[in-house]
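Here are some notes to go through with the model open in your viewer.

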Amino acid sequence: MATSIGKDGAVYVGANAVAEIRDWSLEITSEVVNDTVMGDTWMTNKATQKSWTASFNAYWDPSDTNGQETLVEGAEITLNLYPTGNSSSNYYWAGSAIVNSVSKSGSFDGLIEASFSVTGNGTLTQDTVA
C-alpha cells in the first residue's frame, strides 16, 4: 500500500500559490434520498447530487497579494489542492469555489494565523500535473 507525505502539499488560487500554508482539508459528499416503499423490509436509498467543501490554514502573510489577499468573503475562485506538491505526475483536485469564511487569530507567544473556508461551486475534478 502506498502512502503520501503531506509536507510538500500546496494550495493554489488559479495559477498562484497561497503563501505559508500549514494544512488543508477537502470533503466531498453526496446527498442521499430515501426510496423505500410499502412492503420493503429494509430501508433503501439513492445517491443524488454531490458537493464539496475545503478549508486551509496558513500563517498570515499580507504581502501575498496573489494568494491570501485574494481570499475574501464572497470571492469566486478556482481552487487547486495539491496533496504532494505541484510537480509533474502528482495528483491534485481542482474546482470553482466561493470563499465563505476568513478568520485571523493571534496570541502573544505565536504567529498570526489565517483560516479560510470555501464551498464548491460545481464539479470538483481530480487530475495529474502535466
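1. Let's settle one term before going further: a salt bridge here is a side-chain nitrogen of Lys or Arg within 4 Å of a carboxyl oxygen of Asp or Glu. Bear in mind too that this is a predicted model. With that rule, the count is two salt bridges. Asp35 and Lys46 make one of them, with N to O at 3.9 Å, so the pair falls inside the 4 Å cut-off. This pair ties together distant parts of the chain, 11 residues apart: Asp35 sits in the loop between strand S3 (21–34) and strand S4 (45–59), while Lys46 belongs to S4. Asp35 is partly exposed at 29% relative accessibility, and Lys46 is also partly exposed, at 49%.

2. The other salt bridge joins Asp8 to Lys7, with the closest N and O atoms 3.3 Å apart. How exposed are these two? Asp8 is partly exposed, with 44% relative accessibility; Lys7 reaches 69% and counts as exposed.

3. Now the overall fold. Seven strands make an open sheet in the order S2-S1-S5-S6-S7-S4-S3, and the pairing is antiparallel. Which strands stand at the edges? They are S2 and S3; each has a single partner strand, so one side of each has no neighbour in the sheet.

4. Follow S1 (residues 10–13) next. Its antiparallel pairing with S5 (residues 76–82) runs over four bridges, and Val11 is the residue opposite Leu81 in S5. S1 is also joined to S2 (residues 16–17), again antiparallel, by two bridges, with Val13 partnered by Asn16. S1 and S2 form a hairpin that has two residues between the strands, and Gly14 in the turn takes a positive phi of about 60°.

5. Is S1 buried or exposed on its two faces? Both are covered: Ala10 and Tyr12 are buried on one side, Val11 and Val13 on the other. As background, side chains in a regular strand alternate between the two faces of the sheet.

6. Elsewhere in the sheet, S6 (residues 91–105) and S7 (residues 113–128) run antiparallel and are joined by 13 bridges.

7. The largest nonpolar core has 16 residues, and the members touching the most others are Phe56, Leu71, Ile77, Leu79 and Val118. S1, S4, S5, S6 and S7 each give two or more residues to this core. A second, separate core has six residues, among them Ala10, Tyr12, Tyr92 and Val129.

8. Leu79 deserves a click. Setting aside neighbours within four places in sequence, Leu79 is in contact with Val11, Tyr12, Trp52, Ala54, Phe56, Trp93, Ala94, Gly95 and Val118.

9. Not counting residues up to four places away in sequence, Met43 touches Asn34 and Thr36. The C-alpha atoms of Met43 and Trp24 are separated by 36 Å, with the two residues 19 apart along the chain.

Definitions and conventions: Residues are numbered from 1 along each chain as its sequence is written. This is a predicted model: local features need pLDDT of at least 70, side-chain atom pairs count only at pLDDT 80 or more; totals for chains, interfaces and linings use all residues. Side-chain values use heavy atoms; hydrogens and water are left out. Buried means under 20% relative accessible area, exposed over 50%, partly exposed in between (1.4 Å probe, protein chains only). Two strands pair if DSSP finds at least two bridges between them. A nonpolar core is a set of buried Ala, Val, Leu, Ile, Met, Phe, Trp, Tyr and Cys residues joined through side-chain atoms within 4.5 Å. Contact means heavy atoms within 4.5 Å.
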